[in-house]
Amino acid sequence: MEQRYATSPEHVAGMGTAELRARFLVADLFADDQANAVYTHHDRVVLVGVQPVTSRVTLPSFPEIRSETFFEHREGGIINVGGPGSVVVDGETFEMGHGSCLYVGRGAESVVFASVMDGEDSAPARFYIVSAPAHTAHPTTFVEAGKGNIRELGDALTSNRRTINQYIHEGGIRSCQVVMGVTTLHPGSMWNTMPAHTHDRRMEAYLYFDLPADARIIHIMGEPQETRHLVVADHQAVISPSWSVHSGVGTASYSFVWAMAGENQSFDDMDGFAIADMR
Ligand SMILES: O=C(O)C(=O)C[C@H](O)C(=O)CO
Ligand SMILES: [Zn+2]
């Protein structure tokens, strides 16, 4: 498991492109028949990518978290950003289509991932997991793509019309810390999360998906008065510390998984910034 230690805003001001990418961009989460993990140390959130192709993949326990099983003292949200697949949690099978979400509660022991590969052109499932420490066990719960709490935001005139699907949140699937959902840009709209915000109570991670292979997201990060950017490709994630804005513009429309953990679970607890005040 890769370790990414926590960073401070003062540190970012002097970083060049390579260091910014090494600290905040998770470029290679998905690899065939593997479970790749990054331990962010921001709110002790672990990001995992599982891409089963020729065989099933069992979620390992990873020595860095010192537990018998991955979910012994953790919980996690899983979203499938690839082709159809399944997740078996302690013998119970969840068929997961593109964009669907599964919450796995503390104490789950065996978690096994598979793709439904039924032809040469079929795409493997890509399971994206965001996990945080959990103090109690909430039930493992599945929700189909598009069946979360829907919020429509933005306007085509400002190129930011988008649909937010909240899956794991205060009014939906219960959890200890993890809050998770998917935002989809409408055709022709390219901007997410602008005006931008921070939430000092929670870190957040974005995983961009459904972006054409030759398109990119220009992801804006850093303090609002001292921003930096990352150029991000499909299936890459960005770690956003609590003090950092997280907003992006695509060269094509796209979706992204957003997930947070920390002090509270209040989606609307955001500190917004006027666009004109950003630097
Ligand atoms: O499009 C948006 O705006 C978002 O999806 C915002 C994220 O959900 C977020 O940053 C929540 O704090
Ligand atoms: Zn946010």
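Me: Is Asp-90 buried, partly exposed or exposed?
Reply: Asp-90 has 13 other C-beta atoms within 10 Å. Buried takes 20 or more other C-beta atoms within 10 Å of a residue's own, exposed 12 or fewer, and partly exposed lies in between, with C-beta atoms placed from the backbone. Asp-90 is therefore partly exposed.

Me: What should I know about the model and its numbering?
Reply: The model is predicted: local features need pLDDT of at least 70, side-chain atom pairs count only at pLDDT 80 or more, and totals for chains, interfaces and linings use all residues. Residues are numbered from 1 along each chain as its sequence is written, while chains are lettered from A and ligands numbered from 1 in the order in which they are written.

Me: What is the phi of Asp-90?
Reply: Asp-90 sits in the loop between β7 (85-89) and β8 (92-96). Strands here are DSSP runs of E, at least two residues, numbered from the N terminus. Most residues other than glycine have a negative phi. For Asp-90 the value is positive, near 45 degrees.

Me: Is Thr-193 buried or exposed?
Reply: Thr-193 lies in the loop between β16 and β17. Its phi is also positive, near 55 degrees. With 23 other C-beta atoms within 10 Å, Thr-193 is buried.

Me: Which peptide bond is cis?
Reply: Most peptide bonds are trans. Pro-195 is found in the loop between β16 (191-192) and β17 (197-198). With omega near 5 degrees, the cis bond runs from Met-194 to Pro-195.

Me: How many charged residues are in the shell around ligand 1?
Reply: Residues around ligand 1 include Arg-162, Thr-193, Glu-204 and Met-270; a residue is near if its C-beta atom, placed from the backbone, lies within 6 Å. Asp, Glu, Lys and Arg count as charged; Ala, Val, Leu, Ile, Met, Phe, Trp, Tyr, Cys and Pro as nonpolar; the others, Gly among them, as polar. The shell has four nonpolar and five polar residues, and the charged ones number two.

Me: Which residues does Met-270 touch?
Reply: Met-270 lies in the loop between β23 (255-262) and β24 (271-272). Contact takes C-beta atoms, placed from the backbone, within 7 Å. Not counting residues up to four places away in sequence, Met-270 touches His-197 and His-199.

Me: Which residue in β15 is the bridge partner of Arg-162?
Reply: Strands β14 (residues 162-168) and β15 (residues 179-185) pair in the antiparallel sense over six bridges. Pairing takes at least two DSSP bridges. The partner of Arg-162 is Leu-185.

Definitions and conventions: Helices (H or I, at least four residues) and strands (E, at least two) are DSSP runs, numbered from the N terminus. Two residues are in contact if their C-beta atoms, placed from the backbone, lie within 7 Å.
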